[in-house]
Amino acid sequence: MEQDKRRLSIEAARMYYMSDYSQIEIATMLGVSRPTVSRLLQYAKDQGYIRINIVDPLEDLDELGERVKQKYELDTALVCYSPVNEYHEIQKNISQKAADYLVETIQDTDIIGVTWGRTMHAVAVRLQEKQVRGVEVVQLKGGISYSHVNTYAAETVNLFASAFQTIARYLPLPVIFDSIALKQMVEEDRHIHRIIQLGKQANIAVFTVGTVNDDALLFQLGYLSKEEKKLLQRTGVGDICSRFFDKDGNICSEDINNRTVGIDLPDLRKKEKSILIAGGQHKVEAIRAALIGKYANIIVTDQFTAQALLQA
């Protein structure tokens, strides 16, 4: 009798937990009543035939973030959940996580330095309005493009300014000039100099990383020659604020760097909050180099990218 009950309880448990049959369906299939099925399932639990493990993804994400934080000596590492290891899905989830963090973090009188690009625009459109006073939003690098490719520069800084009840401060210049002399001459303009200085004064910088892949946004904008592109692809792994660096976080080309308009990478190390928002398999090498270079003290990423960063 006891052996029959044990066999029947295990069969009911398999149907219920492994095959997703309802208790009514199991009762019909076993030729017993629904209350009997309920008692059989409880019996299987009591006897230890059923083991239920609940995995809390948030708990795992917190632990992942802590490991990334320790490995790269960061102030904060926020890891969000992405259901699949696919870039557009990852971008959507990290953008939401970053937007939520920014709304929670931004306080009165903060100066927020903002870059541009697809990820930054994705963050900007997800920002909720917050009532704050005296906040300033400034563009950290030139944003004018003569290409048909959209940089989302104006839209991004506008959305940030709107969310935090302020006016956007634009840097109305190309991001890379043809010559150092021309760039230096333009930067001497009083208005341009003031915007660049405001970017240096920002206590919060929000940025992402680019890659040196052929489809990288900066390569599509026509600023760089074929030879310069080859040089950057040979020696570099990515860029922040359109300043290209190698696997150790060091600048790849001083010539290109000196022609670039906007915040210098060492200035990011001085920020109270230097927030890197990035994820995706194709960006792992660039993200790692950025963290090695100490250009960010806060990262917002996904669990797949975090795991890859820990493997190095």
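How many aromatic pairs does a search of the whole structure find? The search turns up four, counting Phe, Tyr and Trp rings (six-membered ring for Trp) whose centres lie within 6.5 Å. This is a predicted model, where local features need pLDDT of at least 70, side-chain atom pairs count only at pLDDT 80 or more, and totals for chains, interfaces and linings use all residues. Numbering starts from 1 along each chain as its sequence is written, and side-chain values use heavy atoms, leaving out hydrogens and water.

View A. Tyrosine 43 is buried at 11% relative accessible area, while tyrosine 49 is partly exposed at 33% (buried is under 20%, exposed over 50%, partly exposed in between; 1.4 Å probe, protein chains only).

**View B. Phenylalanine 245 and tyrosine 295 form a tilted pair.** Here the centres are 6.2 Å apart and the planes make 50°. Phenylalanine 245 belongs to strand β8 and tyrosine 295 to the loop between α14 and β10 (298-302), so the pair ties together parts 50 residues apart in sequence (helices are DSSP runs of H or I, at least four residues; strands are runs of E, at least two; both are numbered from the N terminus). Both residues are buried.

**View C. Two lysines lie over aromatic faces.** Lysine 141 sits 3.7 Å from the ring centre of tryptophan 116, and lysine 71 lies 5.6 Å from that of tyrosine 72 (NZ of Lys or CZ of Arg within 6 Å of the ring centre and within 35 degrees of the ring normal).

Terms used. Rings of Phe, Tyr and Trp (its six-membered ring) pair if their centres lie within 6.5 Å; planes under 30 degrees apart count as stacked, over 60 as edge-to-face and the rest as tilted.
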